[in-house]
Amino acid sequence: MEIKVRSPGSATIINAIATGFGSAFGIGLDIECVAKTASEGISCTNDVGADNTLMELCAQKVFNHYNIDKNEFGIDLKTKSNLPMASGLSSSSASSNAVVKAVSSIVSEEFNLEPLADLEVINMAIDASLDAGVTITGSFDDATASYFGGVVVTDNRNRKFIIKEKMDEYSILVYMPNYYSKSGDSNPDRMKLLAPLVEIAFDLASRRDYFKALNLNGLIYSATLGFDSTIAIDALDAGAIASGLSGTGSSFVAMCDENVIDDIKYSWNKYEGKVIETKVDNIGCRIL
């Protein structure tokens, strides 16, 4: 039996590290996971040379949930991605969502068991990400924006929604510098110093003023983490509706109408790296 699952990344409106409250929206860059039954064991490979620990933890948690003995039943997992890793675009959330969804779908089908509910998939994926050390807060905002698509505003500590809704399908430009920044390696204490300012940005997001929230959050975290905020300001000057640092970097996103895409790309030409074009994603994680 074979199942393929597609799971998109997400971009940041509010980074939850400082306050425990966050906001994110789905983007059209994604990870695909192909899961096949095997005689025994859990085998994981990916096309980007990443460590397979997170994938293995996700699969093992599904096996544990269903009391599956990997000496008696196995699964082969392969992922391919057009979502940049360690860039602040929720690659870990997308990967863990895809793997848990794929493995749970196969196991429930093979053994005629109840499939995991959406939030069970998400929580299992978050628990695996925490165990793997690839997230600081659990990233409920990133995980749910990836899984459901659209925009979410969340209480990450209690894994609860404040807002979950579709988002207008704006064009999204992603600036990727020639270096990476892993979320798990960030200094949360330093980011928490600016919690009062992040709270102002979060208040904007909770009132659905997503563009101002994204702009302000990006400026705050760029200053805290040492990224060049003029990247976002250049995009705004070129006509972006909103622009800012995504996650803990290193990528910047710009939300815009199609008619200013070339202007924004031109404004970013002076920076080393590459620009990726995509869209807001309102579809989320699904079986293909």
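## Tyr175 and Trp268

Tyr175 counts as buried, at 4% relative accessibility (buried is under 20% relative accessible area, exposed over 50% and partly exposed in between, with a 1.4 Å probe and protein chains only). Trp268 is likewise buried, at 1%.

This is a predicted model, where local features need pLDDT of at least 70, side-chain atom pairs count only at pLDDT 80 or more, and totals for chains, interfaces and linings use all residues. Residues are numbered from 1 along each chain as its sequence is written, and side-chain values use heavy atoms, with hydrogens and water left out.

## Aromatic pairs

The structure contains nine aromatic pairs (rings of Phe, Tyr and Trp, the last by its six-membered ring, with centres within 6.5 Å; planes under 30 degrees apart are stacked, over 60 edge-to-face and the rest tilted). Phe140 and Phe161 make a tilted pair, 5.2 Å centre to centre with 50° between the planes. Because Phe140 lies in helix 4 (residues 140-148) and Phe161 in strand 6 (residues 160-165), this pair ties together parts 21 residues apart in sequence (helices, H or I of at least four residues, and strands, E of at least two, are DSSP runs numbered from the N terminus). Phe140 is buried, with a relative accessible area of 2%, while Phe161 is partly exposed, at 28%.

Lys164 lies over the face of Phe148, 4.4 Å from the ring centre, and its charged end sits over the ring of Phe161, 5.9 Å from the centre (NZ of Lys or CZ of Arg within 6 Å of the ring centre and within 35 degrees of the ring normal).
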